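Dear colleague,

I am passing on the structure we spoke about, together with notes on what turned up in it. Please have it open while you read.

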Amino acid sequence: MGAMTLDPGQLSVRLDLEMGDDTSDGQGGIQTDYTTIGALWARIEPVAVRAEERADEAVFSVTHRIWLRFREDIAAGMRFRKGGRVFTIRAFSDPDETRCYLVCRCTEEGR
């Protein structure tokens, strides 16, 4: 398979990359605090929307494909932030295995 061509101008959204740090909450549970480890340019593609009701409140979940230049430090559970929006990384892949780009499958939840 040949290398993919993606116009670099399509990487037009600035995102912060955050890594979680789990700490004990002192009551047997875990609290996750996130630290920004870098900023990057990306392309966000909404894929699907799912709406549901939790505890008598309407919530939605949006699945996105987020394209970025290849990085080796991406892991599931990390997240991207754009202002108040948070995109949790569920899975990622190198679409043509040339180490040029990564495609991250992310979810964004909201009310």
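Leu68 touches Leu11, Leu40, Trp41, Ala42, Ile74, Phe80, Cys100, Tyr101, Leu102 and Cys104, leaving out residues up to four places away in sequence, where a contact means heavy atoms within 4.5 Å. Please keep in mind that this is a predicted model, in which local features need pLDDT of at least 70 and side-chain atom pairs count only at pLDDT 80 or more, while totals for chains, interfaces and linings use all residues. Residues are numbered from 1 along each chain as its sequence is written, and side-chain values use heavy atoms, with hydrogens and water left out.

Leu68 is also, with Leu15, Ile66, Phe80 and Ile89, among the residues with the most contacts inside the largest nonpolar core, which has 15 residues. Such a core is a set of buried Ala, Val, Leu, Ile, Met, Phe, Trp, Tyr and Cys residues joined through side-chain atoms within 4.5 Å, and buried means under 20% relative accessible area, exposed over 50%, and partly exposed in between, with a 1.4 Å probe and protein chains only. At least two residues of this core come from each of strand 1, strand 2, strand 3, strand 5 (85–93) and strand 6, strands being DSSP runs (E, at least two residues) numbered from the N terminus. A second, separate core of five residues includes Leu6, Leu11, Trp67 and Val103.

As for the fold, six strands close into a barrel in the order 1-2-3-6-5-4, with antiparallel pairing, where two strands pair if DSSP finds at least two bridges between them. Strand 1 (residues 13–24) pairs with strand 2 (residues 30–54) over twelve bridges, and Val13 has Ala42 in strand 2 as its bridge partner. Strand 2 also pairs over twelve bridges with strand 3 (residues 57–69), where Ile66 is the bridge partner of Ile44; these two strands form a hairpin with two residues between them, and Ala55 in the turn has a positive phi of about 50°. On to strand 6 (residues 101–110), which pairs with strand 3 over ten bridges, and here Cys106 stands opposite His64.

One further residue of strand 3 is Ser61, which counts as buried because its relative accessibility is 10%. Leaving aside neighbours within four places in sequence, Ser61 is in contact with Ala48, Val49, Arg50, Thr107, Glu108 and Glu109.

With kind regards

Methods:
Helix = DSSP H or I, 4+ residues; strand = E, 2+ residues; numbered from the N terminus.
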